Structures are given as C-alpha cells and as structure tokens.
Amino acid sequence: ASFTISLHKADNTTVTIKLKPALQASCRIRMKYVIMSELKIKPGDNVTFTFTCSTPEKYFITEIQKNIDCVSGPCPFGDVHLYPPGLPRLNRTYIWDVKASTKAGLELKFSTSWLRQIEPGETCPDSVSYNINSSIDNATVNIGTFCRNGSVSRVKLLGGVVMSLHLPWHLPLATSGFNIASRASIKRLCIIESVLKRESSITLMSPNYPLGFPEDELMTWQFVIPPNLRASVFFHNYSLSNCERKEERVEYYIPGSPSNPEVFKLSDSQPANIAGTFNMSLQGCDQDAQNPGILRLLFQVVVQHPQVDENVTHLVDLSKEKNMTVTIHVEGWPSRTPLMSEPICLICKDPRTCDRALTLTSGAVYRISFLCKDLSQLRITAEKGIACMDIRWCQKKIYSLSVPKAITRLPIRLHKFNWKLLATDMINVEITSPSLKLQQHVPEQRCNTSYSYSIVSATPETELNLGVFCPGGSIEKIQMRNNITISLKPFGKGFINESIPQDLKMSFVPHIKDECIFTVSPNPKAKVYLQTPNSPYGLPPYISISWFIAVPSKQTAHLRFSKDRMGIACETGRAFVNIKEETLGAEEIVRREDELLPQPRNMLHSFWVNVSNCKPVDKTQLALQFWVTLADKQIDLGIILAVVAGAGVLTVIGLTVCCVKKKKKKTQNPMVGVYNDNVNTQMPGRKGSFRKGRQNNESHVYAVIDDAVVYGHLLKESNGSVSPEVDVYRPFDGPIGSMPPSPPPFSFRKDIKRSSNPEEEPLPLMDTDQDTYTFAHQKLGLSEDNGDASKKDKGDTGMPLLENKEQDGLVA
C-alpha cells in the first residue's frame, strides 16, 4: 500500500521514518523511482511512498517531532493532538519540544487515566509510555518515565519541556493524553502532583534516577489524600552526594504540624500516619567538584484507612537486657519487600514514626503500636551478644539462653532469636540442657517440638554447621571451639509450649582439642541417632569430632553405623573412625577411610566415638551417621546353670554317701557296676581346681554306675575296644543357625584363655575317704549328657561347676 503524508509549514512538525537501530533489513522505502532506507519529511512537504515488503513494522520506526515556542509567541494551551494523520502502522514516538522561559514554568495536565512512574529499564504493560524532561537553557533533566493508569495528575516544570510518547504499531491511539494547562513561576526544578483516592501504594523517584539529582536543586511532590485516609512515607533506595555547602535534606509540610516545615535526613525514618494532603521536598547541596557523589532517592507512599487498634500500645521492656536488639518487621525482611499496591503492616514507636521494620535496642523501655489489619504478616527477629575475652572472668558464669518474656508476650510471631557467642582462640563454648537434653534433627528422627536450635561454629578457616537440635533428646552437652551462633527458630505458628519450657544453658570453658565434643546419655526407651556436622555436605577437611556415649552400669549399648564405609578417598592425610570403651585395658577399634567401618557391637561401658577427616580427592566430604540403643544387661545362663548344677552336685554327693554307707551296713552284696581298673577314686583336694584337658585325667570316669541307667549309646569306640568315656566335652557338630553364637561373657574369657594350654595337667585327687561315690542320673528324656563338671567356681569350694553353655554346648 502507498502512504501520503502532507505537513503544513505552520505546524512546525517533522516526520522521520528509519530502520530500527542495529538492524540490517532487506525491506526498503520506495518513493517514485528512488529506493532508500530512511525518509525525512519536513514542514510543508507532501510525500507519497511505499515499502518493498509486506511487514514494514518489523524493520522501521517513526519519529514525529513538533517544536512549540512559548517564549516569543503565545503558548498553545489545551489538549495536545497526535499529528499528522495517515501515518503507516509502525512503532511511533511523538516528541513535543516546548520552549519556555525559566521565569514562567509550564504545567502539564494529564487525562483521567493519569500516570504511574516506573524505574529505568522497566516496561509498561500496554507498551504505552511517557518520558518527561525539563529543559533549562542547554541542560536537560529527566524527570521520569511513566505508564498510564497511575496517580500522577500534573507536573509543573521550570523552563522548557521535552515530552515524549511511545506507541506500539498495533495500538491506534487518537489523543496524546495530556494538555498544556498554564504557565506559572515555580522557583524550583519541578512539582509532581499525585492524587490517591483510595487505599493504595505508589512508587516515585527523584529526577535523573539513578544517575543523580542535579546539584543544589529543589523539587517537590504534592500528595492529595482524602481526609478519611492516612499516608506513610518509606525510603527504599537512596544515596548521598559529597556536599561542600548546605546539607541534603527532606522537608515536609503537614497539615496541623506545629513545626512546618518538618526537616528529616534521608537516613531518618520518615513520617507516617499522616492525615490529609501534604508536601514533600528534596533539597540538594553544593557538591565537591573533585568528588561530587550522587544524590538519588526511590521511595514509596502507602495510603490506608486508620486502624481500629492503632491507639493500642504494647510495652516492650528491654531495660535489664544487655547487647540485644529486637527487630519487628514484615515477613520477608531484610530482603527487599516487593512494592505492593495494597496497604501493608506498619510498626510505630510513636504515632508519627512508623515503618515496615522497627529495631529496638536493649537498655530502654518502648511503647509500640501496629497499623496493621492482620498481625500474622509481622515477625520478630532478635539477637543477643555474649562475649568472653578472659577465661578468669567468664569460666564460672552460666548464661541462660532463653527468649525474654518481653518478646514472647507480644502478639507477633517470633521468626528467629540469635545468640552470638564470642571468645578468643583459647576459650571454648559449652552448651548444656540439664533437664530436657537435646535431640539432633535427622531424617530418621525429626524434631516434633514447637521450636529448634541451629548451631553454627565459625572458625577462622571455615564455618561448621553442627546441625539442628530440639529439646527432649539424649545430648547432655556440646563443647565447641571458637565463635558460635545459636539460632532458636519456631516450627509453625506456635513457639513456647508450656509443657516444654526453654532449658538451654551456656558457659565458657578452657580450650579443647577437637572441633566439637558431644556428650550423650542415650534414652533407654529410644534409638538415638547421631550424625557428623555439615550434613549432608560432610565434614570440612582436617576436622575432628568426638562423641562420648555414657552407658549405665546395669545396661549395654548397641552401636551401629548406617553404612559400611566412609565413602571418601583422601588426597592428603588419612580419615579415621576410632571407638574405645572408657575402661582399663579396653581395646581401641580404629578404621581408616579405605577399610570397612566397625560391625555392630555391644558396648559394656561408656565409650568414645571419634571421626577425623582428611582432605578428600574430590568434592565429596565425610558424612557419617550412627545410632545407639540401650538394653538391660542379661545375666549369663551359663553362670546360672553352673551355680544350680554346683548345688545339685553337692546334694547328690551327700545323698550318695548316705546311701552307700547304709547299704554296707545292711548287706554285703556287691553293687552292680562296670569295673575299670584305671579309676582314681580319690576325693578332690582344696589346693587345686579342675581345669580343661579332662580327657587327659580320669576324673570324668565314674567309679560305680547305678544299674537303673544304661549308657550304651554314650560309649565311644577306640582302637576296636569299648571304653566308657562318659561326660567328655565334645564340640557342637549339629546344624548352625544364620547368626553366629554370641561371644562368651567377659568374665569367662580369662578362664578360657588359661585352659587353652595343653601342657597344663589337673591336680591329683586326694584320698580322703575310702567310700566310693555313685552318681545316679535318674532324669528321663535326656538322650545325651554334655555337661562339664570340671570348672571350679570363683569361691574355690572344691566342688565342680558346670562350664559355660556357649563353650560346652550344655543341655540343661
């Protein structure tokens, strides 16, 4: 299609059609027989042209500039029209360059949609934007970039104006949306009027933002607020220039204020809860010529209805606290809270000093109030510092790490309470929980309390995150090196449950060797999970961590690691796992990173577990988890049977002696028995004890066997002859289960070790009585007697005890 553009000379308008910047296109402009890439149409020209492609909007843009002289002639007050008509459908930029005297500023008035200021680089949703520049002599100041549908209704500027309107090619717009209202002297750079009719939030910026406000200039924002609403001002981003004379400041004219103008520094909390229309002015200074710096400001005005409870004050007494700060803030602080169009919660320390974050310091008493419809949006973050530079002054002090009641009584949810524990290199921190103890939060054993503690140790080389802990566990004490940060953080909406009061104590102790030492007293009714710090990332290189596991005297601890190997390879140094019971002569179990971790084991005494890291060859660090369970010590069945059998033997011997003597008196008939000419019938003496190796002596052969018992199935062939070897220890050769038998009790190991010497011979029997003894086994249902009567009890009574069932396969 062809286009015809006709410009009147009196309109003083120029139209330029050109390629988009940095675009090499095959599309061109054809005018008669001339092909060109740019067409400039001047006042008085009448031009007809076409494009060589069907989609010229992809390649070309149009600039329409109109010069208006309000200095030498009358100003064309009224609506500014879009001229000329009939332009091709391309992205268009209309520019109005209005010349005016600095003695008579210009007022631009916008239509009912009004404008909304945006930051540099931000785009408007409908791609329609306005750019306003003030032109004073040869200097140009960018007042700002605006979108449609906002609160800015008028702009007054000193001197001339360069106004730009950017329109997309697909949007047909009939009017410019503004008019030149009047000329008036304003004696300042500009005045921006903003009308806020309902609850809302607007963002505005100083001219030339973010490059810098002009030197020693003054500008004003005028906010029109209905009397039934309240406005609050918040500075979000600002910087100051280097002043030689005067001082950069903000001035407010507030209705009803006894001290207009109210002067504030940019670093001050700005006025809040303002009723009615007010003005805010920004004043620059004379800057240092060598190092001027930058004055800039981005701020927000929030308008909302008065709150019903705005006159309700809350007492926060921090007069007895030391080195503590309490910050009440909107959720998400301190990261930048998005600038919202809805009202937000405000915290006030007096009726006119309100902000989205209010910091209270220790040593004072505060009365605060809230301008907030929903207090659930607010949070409390507090921090307390405890330091020790000389152990002589700190060692005997015990500090209670609990949240003060001045905080817990506020109707605001606690976000976090930090304790910063600072000490010199040779002073360490000890944390205890005397009544509740601590539980380590691990995937297998999660905390279910209303709050938890996060503990981080900051060494000069690295930061060691010990993990998350909560009350109600088995960890009695944690000792750490260097500076510590303990953070209490609630779970969910609740905080302090009356059934679980706070019980965390801290003290400073002398230097320890390891990076951290845990003291654990396992709960007898639960499995205690413990894992290395910095999980799941693992220990930093060359860090050593220890756990002391306290085992009660009447119980046994079962220790088990969650995996078979450490899972690392060392570049320098070696990684170790050491386990040792705290008892005299205890064996130390040591495993390197290239070895299997210790198998599950029972620990009879309190013991240590130490994990020491090397420098791994890759990014994988050492991360281990183990658990401990307690069980009551079991009385060994072998000992019980030995005692019972010993008592039974004494009874049988006594009865046998009586029976034999009575038989001799009543009858001379020989007793039925099996004769063995190698039998030794002497009584055992008191100077010796039976030992193993009973197959080498004859104490196991009965002198007389009662005819009521037949032992034929116990006879063993030897060299073709039958020899009655009764009650000889035989190793178990029956079926074996899937689990190996339990090791013998510790008290039996010494005796077993002694009896392993084959050269030891039993002491001879002493002839103390000529009467023979008959051992009559009358129990039915025993097909085999594996009992061993050779072991003597610790009382050295001279009577044989039954051997440990796990060694001799005893059948009771």
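Buried means under 20% relative accessible area, exposed over 50%, and partly exposed in between. The exercises below concern a predicted model.

**Exercise 1.** Determine for Cys285 and for Cys243 whether each counts as buried, partly exposed or exposed.

*Solution.* Step 1: the relative accessibility of Cys285 is 1%. This value falls under the 20% limit, so Cys285 counts as buried. Step 2: Cys243 has a relative accessible area of 32% and is therefore partly exposed. Step 3: Cys243 and Cys285 form a disulfide, with their sulfur atoms 1.9 Å apart. The torsion about its S-S bond is about -85°, so this disulfide is left-handed. Cys243 belongs to strand E21 (residues 243-245), whereas Cys285 lies in the loop between strand E25 (278-283) and strand E26 (286-287); the pair therefore ties together parts that are 42 residues apart in sequence.

**Exercise 2.** State which handedness the disulfide of Cys348 and Cys354 has.

*Solution.* Step 1: the sulfur atoms of Cys348 and Cys354 are joined at 1.9 Å. Step 2: the angle about the S-S bond is 105°, and the link is right-handed. Step 3: Cys348 has 2% relative accessibility and so counts as buried; Cys354, with a relative accessible area of 1%, is buried.

**Exercise 3.** Explain why strands E28 and E31 are each left without a neighbour on one side.

*Solution.* Step 1: an open sheet of 4 strands has the order E28-E33-E30-E31, with antiparallel pairing. Step 2: strand E28 (314-317) and strand E31 (353-355) stand at the edges with a single partner strand each, so one side of each has no neighbour in the sheet. Step 3: strand E30 (residues 346-350) is joined to E31 by 3 bridges, and Ile347 stands opposite Asp355 in E31.

Conventions. Residues numbered from 1 in each chain as written. Predicted model: local features only at pLDDT ≥ 70, side-chain atom pairs only at ≥ 80, totals over all residues. Heavy atoms only, no water. Pairing = 2+ DSSP bridges. Helix = DSSP H or I, 4+ residues; strand = E, 2+ residues; numbered from the N terminus. Disulfide = S-S within 2.5 Å. Buried < 20%, exposed > 50% of the residue type's maximum accessible area, 1.4 Å probe, protein only.
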